[in-house]
Every structure is written in structure tokens, then in C-alpha cells.
Amino acid sequence: MQLRNKYLEALGIPDFLYSKIELNKSPEQPIKLLIVEVGAQDSFCSKGDSQNLLMKMLESISFSIKNAQLVSLKKNLIDEYIKNNPSEVVMVMGSSYESNKSALFLMHHPRDILKNPTLKRESWEILKKVKQCLK
């Protein structure tokens with residue numbers, strides 16, 4: 001944004017015709033929902049069945065995937081990432097993981113739910129808890 005504004009200034013375009021407001025989130029603002037997956041197989045970070053199911057899961061609790069940050073990490077990097085990227089709620093999918101963070105939920109990965117529909121009930125119960133924390 002700043003680079004664009006400099007070009008417009010250099011071209012002599014009046015500043016009321018362009019925005020000088022930075023649209024980047026301030027680092028102090030925590031992310032509402034951080035969704036971490038372990039393993040890149042059938043990743044929900046790229047378009048496909050896993051991402052579609054994740055979108056439906058979030059919509060079921062009236063939350064948009066656009067308001068979440070999706071990341072794919074190795075298990076040993078999760079703690080550091082959570083520490084450096086504060087969020088109100090963290091969902092770790094596809095792995096057993098231990099943490100002392102109160103708003104951290106372990107869930108089945110959408111790829112696992114697609115393979116085994118009996119996991120839907122347990123996932124729904126966890127999603128209801130996530131919804132309570134996001135209020």
C-alpha cells in the first residue's frame with residue numbers, strides 16, 4: 001500500500017484520490033481462530049474436499065473460514081507458532097498434541113472425517129465448544 005501511494009504521489013495525483021490508510025492487521029490484534037494441521041496430505045490449506053468440509057464445519061458454528069488463519073506445520077513447530085501468532089482459539093487437527101493453553105482444541109482432520117464418517121459426532125461436540133470460546 002505504501003509503495004502504491006508513493007507512485008501516485010510521484011505522478012502528481014492528489015492524495016484525496018487514494019487511501020493512505022494501511023489495511024494490514026496490527027500485530028497486537030489476536031487472530032480469532034487459528035487452525036493448525038499436522039501433515040500436508042489432503043491439506044485444507046489448498047482447495048479440495050478437506051477444505052470444503054472444513055468450511056462447512058465452520059459455517060455450522062456461524063464462523064467464516066475467511067476469519068481464520070489456516071496453517072500446516074510439523075508437530076514440533078506448533079508451540080512456537082502459537083506463541084508467535086496469538087489467537088483467541090486454536091484448533092489442532094490431525095494429531096495428538098498437548099498444551100496448557102485453555103482455548104486449544106484437538107480435532108479430527110477433515111480428511112479423516114471424510115474417510116470415517118463416525119468421527120462426525122465427536123467433531124461436532126468439539127465445534128460447539130469452539131463456538132462458545134469464540135463468543
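1. Helix α2, residues 49–59, lies across β1, β2, β3 and β4 and runs at about 145° to β1. Helices here are DSSP runs of H or I with at least four residues, strands are runs of E with at least two, and both are numbered from the N terminus. Angles run from 0 to 180 degrees between N-to-C directions, with axes taken as lines fitted to C-alpha atoms, for helices over the stretch in contact. Helix α5, residues 120–134, packs on the sheet as well, where it touches β1, β3 and β4, and its direction makes about 160° with that of β4.

2. Please keep in mind that this is a predicted model, in which local features need pLDDT of at least 70 and side-chain atom pairs count only at pLDDT 80 or more, while totals for chains, interfaces and linings use all residues. Residues are numbered from 1 along each chain as its sequence is written, and side-chain values use heavy atoms, with hydrogens and water left out.

3. The sheet itself is open and is formed by four strands in the order β2-β1-β3-β4, with parallel pairing; two strands are said to pair if DSSP finds at least two bridges between them. The edge strands, each pairing on one side only, are β2 (68–73) and β4 (104–107). On average, neighbouring strands of this sheet are turned by 20° against each other, direction ignored. Strand β1 (residues 31–38) and strand β3 (residues 87–93) pair in the parallel sense over six bridges, and Ile 31 stands opposite Ser 87 in β3.

4. Ser 123 belongs to helix α5 and counts as buried because its relative accessibility is 3%. (Buried means under 20% relative accessible area, exposed over 50%, and partly exposed in between, using a 1.4 Å probe and protein chains only.) The side chain of Ser 123 reaches the backbone oxygen of Leu 119 at 3.0 Å. If neighbours within four places in sequence are left aside, Ser 123 is in contact, that is, with heavy atoms within 4.5 Å, with Met 57, Met 107, His 108 and Ile 113.

5. Two loop residues also deserve a look. Ile 65, in the loop between α2 and β2, is buried, since its relative accessible area is 18%. Not counting residues up to four places away in sequence, Ile 65 touches Gln 51, Leu 54, Met 55, Leu 58 and Leu 70. The C-alpha atoms of Ile 65 and Leu 54 are separated by 8.0 Å, although these residues are 11 residues apart along the chain. Ser 43, for its part, sits in the loop between β1 and α2 and counts as buried at 15% relative accessibility.

6. The structure holds four salt bridges, a salt bridge being a side-chain nitrogen of Lys or Arg within 4 Å of a carboxyl oxygen of Asp or Glu. In one of them, the side chains of Asp 112 and Arg 111 meet at 3.9 Å, N to O; Arg 111 is buried at 9% relative accessible area, whereas Asp 112 is partly exposed at 27%.

7. Within helix α5, Arg 121 and Glu 125 lie four residues apart, about one turn of the helix, and their side chains meet in a salt bridge of 3.0 Å, N to O. Lys 128 forms a salt bridge with Glu 125, the closest N and O atoms being 3.3 Å apart.

Key:
Polar contact = N/O pair within 3.5 Å; in protein donor to acceptor, adjacent residues only side chain to side chain.
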